[in-house]
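The sequence and structure come first.

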Amino acid sequence: MKNDFFHDLYMTIRDVRVRDCSAMSLSHLLHGYLSVYAMVRVSPILEREYGTLQEIHGRLREIAKELSKAMKDTSIELDERIGYVADLMDAYQTYSDMDLLNEALDVTYRILTVNEKGEIVIPGRTPNVCRLLCSWYYFTGEEWCLEMAKGIVGDYDNLEKKQAWQWLRAVSCFKNLSEDMIFWERWKQEEKEVLGNIIISIENIGIAGKETFCFELLGMWELKGKGFEL
């Protein structure tokens with residue numbers, strides 16, 4: 001996928017009204033902007049294409065505040081809501097809003113319950129749960145979180161195909177925390193193939209109606225194309 005295609009999509013995305021987006025679209029927007037922020041932070045010359053870090057930062061803040069409402073909406077299916085909690089923790093590492101972080105941590109306390117034996121109980125083995133565990137480890141340093149996350153992200157073969165993009169998020173999150181080089185090498189090629197297959201699908205089917213989803217995935221592709229790991 002050529003750079004100018006992603007740039008054109010980015011110009012369209014900049015005009016999207018955040019308040020009009022669904023919660024899932026906000027999640028895709030957030031991750032797309034996090035990729036753009038990472039590229040511009042390392043290569044300031046890209047400000048000519050994507051705007052200043054301050055402008056991107058402001059957009060992230062706007063998206064995160066809207067997404068925090070979805071995180072607390074108990075009418076939303078639990079695993080989806082867990083993804084939004086992890087999103088806000090991801091955003092905090094770029095946009096340091098303690099109020100939003102404390103809200104996310106408070107929701108996490110209620111999600112990661114303790115049974116009668118004093119053991120932590122996780123609500124399933126999904127990519128979103130993996131990301132939540134990685135974020136909890138990042139903020140608490142509790143090793144059991146990373147071990148559980150490793151078991152989930154390493155179970156790619158049992159995931160549904162529709163979860164592939166969520167798995168890419170989880171792998172990226174885990175790799176940023178783990179020093180397990182064996183794991184890295186094992187999944188490096190798989191990660192590349194999964195993302196490549198999604199990009200091919202986008203090229204073949206087009207982006208109509210899926211602009212925010214494509215923005216996130218093409219942002220991942222651009223990030224790798226500029227020499228960064230996901």
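Ala 64, Leu 88, Ala 91, Tyr 92, Tyr 95, Asp 97, Leu 100 and Leu 101 line the largest cavity. A cavity here is a set of points on a 1 Å grid over the protein atoms alone where a 1.4 Å probe fits but cannot get out, and lining residues have an atom within 4 Å of a point. This is a predicted model, in which local features need pLDDT of at least 70, side-chain atom pairs count only at pLDDT 80 or more, and totals for chains, interfaces and linings use all residues. Residues are numbered from 1 along each chain as its sequence is written, and side-chain values use heavy atoms, without hydrogens and water.

The structure has 1 cavity of 30 Å³ or more. The largest cavity holds about 40 Å³ of space, a volume being the space filled by probe spheres set on the points, which are joined across faces, edges and corners. Its lining has 7 nonpolar, no polar and 1 charged residues. α5 (78–92) and α6 (98–111) each supply at least two lining residues, and the largest share, 3 residues, comes from α5.

A search of the whole structure finds 0 disulfides, meaning pairs of cysteine sulfur atoms within 2.5 Å. The table gives sulfur distances for two cysteines.

| Cysteine | Nearest cysteine sulfur | Distance |
|---|---|---|
| Cys 145 | Cys 134 | 8.8 Å |
| Cys 173 | Cys 134 | 4.2 Å |

The sulfur of Cys 173 is too far from that of Cys 134 for a bond.

Notes. 1 Å grid on protein atoms, 1.4 Å probe; cavity = no way out; pocket = protein on both sides within 12 Å on 5 of 7 lines; lining within 4 Å. Helix = DSSP H or I, 4+ residues; strand = E, 2+ residues; numbered from the N terminus. Nonpolar A, V, L, I, M, F, W, Y, C, P; charged D, E, K, R; others polar.
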